Amino acid sequence: MEQDVQQGKMASKKRRIVAITMVKNEMDIIESFVRHTLGFADLLIVADHKSTDRTREILEALQEEGLPIVIQEVQKARYAQSEVMTQLMQEAADAFCADIILPFDADEFLVPTGTSSVREILNNMVIDCARSLRWRKYIPGNEAGTSMDTFLLASLVRRDVNVLPMKKVIVSGAFVRAHHPTMAQGNHYLICSSGSKTWAEEGMFCEGIELAHFAWRSPAQACSKFAVGWMNIVAQFSKNTMCGGSYRMRFHEILNNQLQQTRGCSSQWEQCDLNGRIPMPQLRYSMNTMPNVLENVMLAGEAIAEELAETRAMLNRPVVTTIVPYPGGGTF
């Protein structure tokens, strides 16, 4: 069955599809994400946001294996996702001639909801500017988290019976080349450079596919994600920002020792089996990938403090505005 699915993908390969992502400390899921995404995308551009775990090591191993991955590094400690993803989107359109650009987070898996493959749906989709993707919460079938050396979607998973009210966006490469839009924080919509008008084609959903969002995979991963994520968001905007509300909430749950073992496990969740509908790759580099929460938090704090110190030093440094030749002799 897996071979038939793969052959079907290759037979329908027409458009140039480029996926883009910005990642930080995703070593438990990054190999599953990369192998799955490259099952339907021709290229994956990854901006590594100063990961302090094995994320970069795993990415480089996948690249050396021959997978079409471009790895870049985000130097800033603050969470400049909109800025970074906008740059990646423009690069995908200009340098890599993308017909369709797919902006993802590393915990998001584009999956079919019917019998057609993701690649077939993307090839046949009418997309002049941007379209919306339904965004749904998924969790591993095992409440304690999945085995780190197993492809995330290889076993039964659970999904919320309802899609999230917010949506994600995909965009035409031709539209990006013509209009140079900005990617909104979170990849939820586009902002046109010509003004305040936003593009996500309200109601123009991509039928037959949805984004499976695995934000919660284990207690250690969740603590690392929300603690480090909120620190970086504060460094970018301030602790009073309207951005990253869920990160703020989870951060304070961690402080109060109230972060739950699983999120939303109730009658609203249903089992989902993707076996036979997507390829199920074997993982090679994902052993020993349980996050070290304290290490990630301490190194993130150090990076933010270092960036703040460098910024202050630059602000206090004398600035030379004019150089005047000195014609006299002796010393000056």
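User: Hi! What should I know about the model before we start?
Analyst: It is predicted: local features need pLDDT of at least 70, side-chain atom pairs count only at pLDDT 80 or more, and totals for chains, interfaces and linings use all residues. Residues are numbered from 1 along each chain as its sequence is written, and side-chain values use heavy atoms, with hydrogens and water left out.

User: Which kind is the pair of phenylalanine 33 and phenylalanine 104?
Analyst: Edge-to-face, with 6.4 Å centre to centre and 85° between the planes.

User: And tyrosine 138 with phenylalanine 214?
Analyst: That pair is tilted, at 5.6 Å centre to centre and 50° between the planes.

User: Why does tyrosine 138 count as buried?
Analyst: Because its relative accessibility is 2%; buried means under 20% relative accessible area, exposed over 50%, partly exposed in between (1.4 Å probe, protein chains only).

User: New topic: which residues of the largest nonpolar core touch the most other members?
Analyst: Leu102, Phe109, Leu110 and Leu122, out of 50 residues. Such a core is a set of buried Ala, Val, Leu, Ile, Met, Phe, Trp, Tyr and Cys residues joined through side-chain atoms within 4.5 Å.

User: Last one: where does the charged end of arginine 134 sit?
Analyst: Over the ring of phenylalanine 205, 4.3 Å from its centre. The criterion is NZ of Lys or CZ of Arg within 6 Å of the ring centre and within 35 degrees of the ring normal.

Note on methods. Rings of Phe, Tyr and Trp (its six-membered ring) pair if their centres lie within 6.5 Å; planes under 30 degrees apart count as stacked, over 60 as edge-to-face and the rest as tilted.
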